[in-house]
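Morning, everyone. Please bring up the structure on your screens, and we'll walk through it together.

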Amino acid sequence: MIQALFDGILVGSILSLGAIGLTLVMHILKFANFSHAELLSIGAYCALTFDTVLAAIAPPMATLFSPFSMSAALALAMLASAAFTGGTAIIVDQLVFRRLRNKAGALTMVFASFGVALIIRNVIGLIFGLNTQRYSDEISFATMVSADPLLLIKPDQVAILVMALMAMVALHLLLTRTTLGFALRAVAENPTLAQVNGIPLESVVRLTWIIGGGLAAIAGVLYGIDNQLSPVMGRDLVLSLFAAAIVGGLGSVSGAMFGGFIVGLASSFAILLLPAGYKPAIPFLVILVTLYIRPNGLFGETR
């Protein structure tokens, strides 16, 4: 039971990072972006590339921080991949979504996001191949924290949880303590009134994509550290990300954080009761239960 609790919190922290960017885009741009999960894949594979390049240029940076299976090269690669993924999100917006925003409705943008997701997924598979990959071949052994009840924790998992929480705290401070955060919230509530008060709408939209893409990239790297990198990892995570955003309440950043943990815990505890093959259906169940009990989500506002 306690092992399932820890595993659920770990998975939930990764889902929360991805769901925050998703709910920001949904709240500010008013459409469901099904290609957002592919930003996790872009970030994960960009970090793999940057990590390899940095290790080749400066071999000492590839030295692992014992007992973790991570290095200084990977840490810098994660930051670089966050910036690169944010830039990629802006480019996709300029090439696809911005044109549709001005000429079509939200439903058209949703269908376009499906197409963007397929393109990104196949391009990643074409460049990196379809086989799974890892950041490091070193094995991170779990430490027995408790024998009864049994609790095994890998050092990497502790690092993942700490980094995810630090990213969420940093975003919370950005949204609540800075002018940029106030501008984001103002545009989300009333874009027209925000423009009248001098807030540049396009700059805020670009900032939204940068934040969403950056957080998605960090989530993708953290997921890759604990699991394996695969071109279809975005496809496998998209439903869980939407479940986290819906459970928390669309448009609520704090809701997306808590929604990610709820979905992670639900999936983790479900394995104790159901065969592993039913795990992909758990986000569906979480969405249905949430919509039945509270259609606006746990932290969503009644409209």
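Let's start with confidence, since this is a predicted model. Within the chain, helix H2, residues 36–57, has the highest confidence, with a mean of 93. Strand S1, residues 143–147, has the lowest, with a mean of 72. Over the chain, the average pLDDT is 87, and 97% of the residues score at least 70.

Now the inside. The largest nonpolar core has 84 residues. Those with the most contacts inside it include Leu17, Phe97, Trp209 and Leu222. Which helix gives the most to this core? That's H8, residues 201–226, with 13 residues. Take Leu222. Setting aside neighbours within four places in sequence, Leu222 touches Ile14, Leu17, Met78, Ile160, Met163 and Ala164.

Asp93 is in helix H3, residues 72–103. Is Asp93 buried or exposed? Buried, because its relative accessibility is 1%, and the cut-off is under 20%. What does its side chain meet? The side chain of Arg101, through a polar contact of 2.7 Å. Beyond four places in sequence, Asp93 is also in contact with Arg98, Val205 and Trp209. Trp209 turns up again in an aromatic cluster, together with Phe31 and Phe97.

That brings us to the rings. The whole structure holds six aromatic pairs. In one of them, Phe34 and Phe114 have ring centres 4.5 Å apart and planes at 15°, so they are stacked. Phe34 sits in the loop between H1 and H2, and Phe114 in helix H4, so this pair ties together parts that are 80 residues apart in sequence.

Tyr45 is in H2 and Phe128 in H4, 83 residues apart, so to speak of it plainly, the pair links distant parts of the chain. Tyr45 is buried, at 1%. Phe128 is partly exposed, at 28%.

That's the tour. Over to you for questions.

Conventions:
Residues numbered from 1 in each chain as written. Heavy atoms only, no water. pLDDT = per-residue confidence, 0-100. Helix = DSSP H or I, 4+ residues; strand = E, 2+ residues; numbered from the N terminus. Core = buried A, V, L, I, M, F, W, Y, C linked by side-chain atoms within 4.5 Å. Buried < 20%, exposed > 50% of the residue type's maximum accessible area, 1.4 Å probe, protein only. Contact = heavy atoms within 4.5 Å. Polar contact = N/O pair within 3.5 Å; in protein donor to acceptor, adjacent residues only side chain to side chain. Phe/Tyr/Trp six-rings, centres within 6.5 Å; stacked < 30°, edge-to-face > 60°.
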